[in-house]
Amino acid sequence: MAVSLILDLSWYHLVGLLFVGFISAAAVRTVRNVYFHPLSKFPGPWCAAATSLTSAFISWRRVEPEWLLGLTKKYGMDTPIRIAPSMLLFPRPSALKDIYWDPVCNFKTELYGTGALGPPQLFTTRDGEVHRRLRKALGGTQWSIGYLKNNWESRIDDQIRLFVEKMTDLAERKEDVVLCDKVAEFAADIMTMVSFTEPWGFVQNSRDERGLLASWREGLDFFGVAGRWQWFRRHILTNDWLAGYFLPSGDDRSGMGYLYAQADRQVSLREAKMEAEGKGFYMERPDYLQYCLDARYESGAPLTPVEKRAHVTLLIQAGADTTATALGSTLRFILAQDGGRVLAKARAEMEAAEREGKLSDPIAYEEARRHLPYIGACIKEALRLNPPATNLFARLTPSSGPNSKAKLIDGVLVPPGTEVTTNAYVVQRDPDMYAPDPKAYRPERWLEAGDKGAMEMEASQFVFGVGPRVCLGKEIANMELWKVVPQVVRCFDMELLEAGTEARKLRPG
Ligand code: HEM
């Protein structure tokens, strides 16, 4: 009977029925999400509570940090804000410990599991225990500042010399320079060098090699939308055939797809070399590719072939654009602030240290730390106001097992199975922690606060993440920042032509 009824309907009746069905289902879901969901009692915009499409749209419009900050103005800093059907934003730095240090919450949300960043790796591994094992295999002393200074600093110095030489050429030709592009080329070279020993030539050739940076930046829009839009994530990206239309492929001749293909090639070449040379194989200063091949789980097992390849690409994904943004925005703040006031102070500090013969060329990391506190404060203040990774780094409160009870976060009880997050852009503008004038770029605040105050402010930062998933490359990023920013101040007279607003698309090579 039902079949014959359907056959009697014309196609536009069927489309109409489907449409009505779809709208009704969406309406029921909206009512349920807004009024009958376990998070209904938390404040937040109804359109964000109704559907995850809202936060996906906001991310796609690239206004998420400002939107989140706006919400704290409307709903206050003292309460978690519902920013998606199943997600709460905690605006205060005091929530960091409860969310990111408690092993009970060490489970990343679906946002990480889209596949948009390739096969699972450290950053995208959701399960806390699986992550612990992987991090134990891949982390270690090679990421400590002592090791980095001994093994990488002189090689970073070579890249700084090349960078200064290229910039000097441009200055002598009196060409306008887009600083954020130049430092992005530098940061990308450092990451390709750390990963594969030889830099890929971004600085040497003054271009975005294989469109790597441009493709990453374009991909971020997709990553943002896919991570936030639950329906798309669950129904499109889980289908291999459909996902293929959206995700990079190893057949691509540029961008992330090219990077995957390179990782594959480099792993195979290095393994062949190791096999050919047997016990005679030795690298005096191993690169990250080698760490991935040498990494062992607690059981003694090596990484799988897919894991090796996924992790070789990870550093470039995680550390090139982020550090580039940090370098670019620090220089922009220094140049743009108060008609050159900050630049003048930075230069005066630099000249005093020079006169006393305290600085090598290029400046050593330790020298910058010791003798250039104001420039250091400029870096910290830029990372505070313009954190390069402002994503929603959400965790899940357990919904099953012995810990699946309401969890206390920053004094508020949160139902099991809730996605909980903070946001660097918001917590790092906390009105109490960063008083006075938390929105102003004022490097002096780091020096005025004294050691104790500065340590407290530091502990309230979320720029590199917090807890067992904290950024693995934090010390490399800091080394780049503390060496390059003063070097630029030292070597160039700069005049700001255009402050710019956000990261640009680079010219592909
Ligand atoms: C200023 C530059 C950087 C910023 C702001 C930054 C930020 C972050 C943040 C916020 C996380 C944690 C995200 C989370 O909780 O899910 C993270 C993780 C990570 N970062 Fe960075 N990062 C920077 C530079 C780098 C560099 C240079 C490298 C590589 C040398 C790197 C490698 C990683 C890795 C491998 C992870 C995953 C760690 C794990 O889950 O165990 N990052 N980064």
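**The ligand and its shell in a predicted model**

Me: How many residues surround the ligand?
Reply: The model is predicted, so local features need pLDDT of at least 70 and side-chain atom pairs count only at pLDDT 80 or more, while totals for chains, interfaces and linings use all residues. Residues are numbered from 1 along each chain as its sequence is written, and side-chain values use heavy atoms, with hydrogens and water left out. A residue is near a molecule if one of its heavy atoms lies within 4 Å of it. The closest here are Lys-108, Tyr-112, His-131, Arg-135 and Cys-471, and the residues that surround the ligand number 28.

Me: Which protein atom is the donor to the iron atom of the ligand?
Reply: Donors are N, O and S atoms within 2.8 Å of the metal (3.2 Å for Na, K and Ca), and water is not among the atoms, so sites may look incomplete. The iron has a single donor from the protein, 2.3 Å away: Cys-471 (SG).

Me: Which helix gives the largest share of the shell around the ligand?
Reply: By class, the shell has 18 nonpolar (Ala, Val, Leu, Ile, Met, Phe, Trp, Tyr, Cys and Pro), four charged (Asp, Glu, Lys and Arg) and six polar residues (the others, Gly among them). The largest share is seven residues, and the helix that gives it is H16.

Methods:
Helices (H or I, at least four residues) and strands (E, at least two) are DSSP runs, numbered from the N terminus.
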